[in-house]
Amino acid sequence: MFHKEGYKILASSLIGLIIINLISNFFIDQNQRWLVILIFVSSFIMFALIAQFFRNPRRKIEKHPNHILAPVDGKVVAIEKVFEPEVLKKECLQVSIFMSPLNVHVTRYPIGGKIIYSKYHPGKFLVAWHPKSSEENERTSVVLKTDEFGDVLYRQIAGAVARRIVNYATEGTTAKQGEDSGFIKFGSRVDLFLPKNTTVNVSINEMVRGGETIISNPR
């Protein structure tokens, strides 16, 4: 099962690779059939790699209304107190999750609540683990107003490879925990900004699954 954001890319890639293979089969001499086979195998591998970027496996998500769930699949690369200057404008606990090109790239709402802020920022394409990527890279910021945690911000951040962020969050609507909130094409990073005294259930380098791993219990 593939995410809807990948349909056009998958279709155009498949058509392009089919054309390349037809041309190679027609113009390459019969004495060089090995080259035709090499092009076919390379095309198959390339399409398989592109397809896995956009996979969206069926996942049974259990609702935990008073918990923060991981918004994406990936590895926890930071748990630290920082000052969030864009919206919250106060010290928060930041939990950062890095997605490699091999991870599922669907972004999910970490908790249910009213969407009170949703903004896209153009920017650079520093590597996702760079300390300044959260402030300088292309990114989107979304704030959910929740009963248990107050205002919770999550930020999709583009990286050196990711060149397109898709954000479905619309201000004034209600987010449902675990539902699809966007997509980062070809991997990158998502930062969560929680109340500074929040206790987290994950640790650095731990692998998490979007919509399944509990990041934090109620305070």
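These legends accompany several close-up views of a predicted model. Residues are numbered from 1 along each chain as its sequence is written, and side-chain values use heavy atoms, with hydrogens and water left out. Local features need pLDDT of at least 70 and side-chain atom pairs count only at pLDDT 80 or more, while totals for chains, interfaces and linings use all residues.

**View 1. Strand β6 and its neighbours.** Strands here are DSSP runs of E with at least two residues, numbered from the N terminus, and two strands pair if DSSP finds at least two bridges between them. Strand β5 (residues 113–121) pairs with β6 in the antiparallel sense over seven bridges; look for Y120, whose bridge partner in β6 is T140. Eight bridges join β6 to strand β7 (residues 150–157), also antiparallel, and V143 stands opposite L153 in β7. A hairpin is formed by β6 and β7, with three residues between them.

**View 2. How enclosed is strand β6?** Seven of the eight residues of β6 (residues 139–146) are buried, so the strand is largely enclosed by the rest of the structure. Buried means under 20% relative accessible area, exposed over 50%, and partly exposed in between (1.4 Å probe, protein chains only).

View 3. A salt bridge is a side-chain nitrogen of Lys or Arg within 4 Å of a carboxyl oxygen of Asp or Glu. E84 forms one with R155, the closest N and O atoms being 2.9 Å apart. This pair links distant parts of the chain, with E84 in strand β2 (residues 74–84) and R155 in strand β7, 71 residues apart. E86 also meets R155 in a salt bridge (2.9 Å, N to O), and E84, E86 and R155 are linked in a network.

Note on methods. Helices (H or I, at least four residues) and strands (E, at least two) are DSSP runs, numbered from the N terminus.
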